[in-house]
Amino acid sequence: MHKGKPFTVSNLSRFSFIAGTAALAAALFAMVRTGGAAEIGREVALPAHLQDGQEFQVSVRALLAHGKQLFSANWTIQEGGGRPLSKGTGAPLADPTDPLIFPRNFNRLSAMDANSCAGCHNAPFGIAGGGGDFVTSVFVLGQRFDFATFDSTDLLPTKGTVDELGRPVTLQTLANSRATLSMFGSGFIEMLARQMTADLQAIREATGPGQSHPLLSKGISFGTIARTPNGTWDVSGVEGIPAKSLVPTDPQGKPSLVIRPFHQAGAVVSLREFTNNAFNHHHGIQPTERFGLSTDPDGDGFGNELTRADVTAATLFQATLAVPGRVIPNDPAIEQAVVVGEQRFAEIGCATCHLPSLPLEQAGWVFTEPNPYNPSGNLQPGDAPTLAVDLTSKWLPRPRLTPKDGVVYVPAFTDLKLHDICTGPEDPNAEVLDMNQPPGSPGFFAGNRKFITRKLWGVANEPPYFHHGQFTTLRQAVLAHAGEALAARQAFEALDESEQGAIIEFLKTLQVLPPGTKHLVVDEHYKKKVWPPRR
């Protein structure tokens, strides 16, 4: 129980781990549900919610079980599923006289578009929290429309057919189609982003009027921050940081420099922000920390649809998912190809952005809620006690990363930096809208060509590929790289066929492992494998 200090995963040792998830969840629900005759005939996905404060009164195992149930719940209208009078952005409908009730309650393009989080996030092995097939692609920014119809007679902006400027949209210009990515290892990713943000902000604070300093964190350059002699900030030399993190935060234009590791265009700070966004957007379930206590802004007759404690549980469930590993078959020809492929991957420049690992130092593997950089509308430090979980704990889903000499090396193959990987605005891989610009602005409609370096861990058994999910092979994704990645792609094309194949074979080893796998590197039978091979 919380007694003034962060509630940590070390508390797990005080609880039995023999009981399964179902038993733990049942014990949790016994604490919080009222029961009685009123339950007869009720059709809900979640029999009971955690009430605020109870997240500190249950075991971490029970909290994670509740988070998994939230993530897997198929929400119904008897518990607030649906948002008749609000958009997926949380804003009121453009036309409140035409509410989103049957048959307008579900819309694949503008949402609601799913019954549960796990309905899209489930691959491979059917694991809640995984990636998804092309059929689960999300139409990012389509949620700014009430209900996409393409009805030429409907001229009300953002109702169903025309955009903020009154221009008719098409399937290709309504939104950005994005592949559903997995959340495996995402707790480590968020903690890397937090440490990088702290580094960049420390450099910013050390920059006085008339000075400039390179922005460096974990060996990654984010360009240069500068100030004019009168003290105003100059971010023209900053690289790879989303526009949202460069907007002024004070009268002199100080930028936040926050690294946003979620969404493929770097729009979301934390798993918590991702969770709050998604529950409203996709399911019409509105968290109290975003929409307020005892309010009903979506007009469905329900308030308090998701408590602060619920969101914490769902966030921690995602943060503690197992990390991806490697599968390397016991075939000498494949082993040799993997060795060569990994070498060539580095030599031709792929590893310049797809960094094989990034270090978490100073106990950065202890995941805490809330994230200190959360934007408004999400839990802030001081709003509730801090809750902490050691992501390296052996009691969490395996496989896991562990500290070595005071450092956890996160083998995610990314630099968490935005890069322009397109040939230009006409590149079919470019996006028609920029989610990091205000909706309806010229920058918004100018489109987007910058994407966070794809985290390659787990990539091989989580197709489809590239940010849009329209490539069925890894080779297609490699050959689509342009812009800042052009030189590396050309170097790949210059390799002979066997060396190209070796790089693909190396990439094929980067996989999500079956639940409970004990080791990060295994053979085709998921038995521990020593790698690289001993000479």
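**Notes on the predicted model: sheets, cores and rings**

1. Strands here are DSSP E runs of at least two residues, helices are H or I runs of at least four, and both are numbered from the N terminus; two strands pair if DSSP finds at least two bridges between them. Within this pairing, A226 has D234 of β5 as its bridge partner.

2. Before going on, a word on the basis of these notes. The model is predicted, with local features needing pLDDT of at least 70 and side-chain atom pairs counting only at pLDDT 80 or more, while totals for chains, interfaces and linings use all residues. Residues are numbered from 1 along each chain as its sequence is written, and side-chain values use heavy atoms, with hydrogens and water left out.

3. Back to the sheet: β3, β4 and β5 follow one another in that order in an open sheet of 3 strands, with antiparallel pairing. Because β3 (212-217) and β5 (233-234) are edge strands with a single partner strand each, one side of each is left without a neighbour in the sheet.

4. There is also an open sheet of 3 strands with mixed pairing, in the order β13-β6-β14. Its edges are β13 (510-511) and β14 (521-522), each pairing on one side only. Strand β6 (residues 325-327) runs antiparallel to β13, and 2 bridges join them; R326 has L510 in β13 as its bridge partner.

5. Do have a look at the largest nonpolar core, which has 76 residues, with F188 and V410 touching the most other members. Helix α3 (residues 186-205) supplies the largest share, 8 residues. A core here is a set of buried Ala, Val, Leu, Ile, Met, Phe, Trp, Tyr and Cys residues joined through side-chain atoms within 4.5 Å; buried means under 20% relative accessible area, exposed over 50%, and partly exposed in between (1.4 Å probe, protein chains only).

6. Leaving out residues up to four places away in sequence, the contacts of F188 (heavy atoms within 4.5 Å) include V323, L360, W365, L391 and V410. Another core lies apart from this one and has 26 residues, among them A351, L456, L474 and A480.

7. The model holds 7 aromatic pairs, taking rings of Phe, Tyr and Trp (its six-membered ring) with centres within 6.5 Å, where planes under 30 degrees apart count as stacked, over 60 as edge-to-face and the rest as tilted. F71 and F317 make a tilted pair, 5.4 Å centre to centre with 55 degrees between the planes. F71 belongs to helix α2 (residues 60-72) and F317 to helix α6 (residues 308-319), so this pair ties together parts 246 residues apart in sequence. Both F71 and F317 are buried.

8. The W75 and F279 pair is edge-to-face, because the ring centres are 5.9 Å apart and the planes are at 85 degrees. Both W75 and F279 are buried. Elsewhere, ring pairs link F345, F413 and F506 into a cluster.

9. Two charges are worth a glance, using NZ of Lys or CZ of Arg within 6 Å of the ring centre and within 35 degrees of the ring normal. The charged end of R167 sits over the F445 ring, 4.5 Å from its centre, and K417 lies over the face of F222, 5.8 Å from the ring centre.

10. Lastly, the cysteines: there are 0 disulfides (sulfur pairs within 2.5 Å) in the structure. For C350, the nearest cysteine sulfur is that of C353, 9.1 Å away. C350 counts as buried, at 16% relative accessibility.
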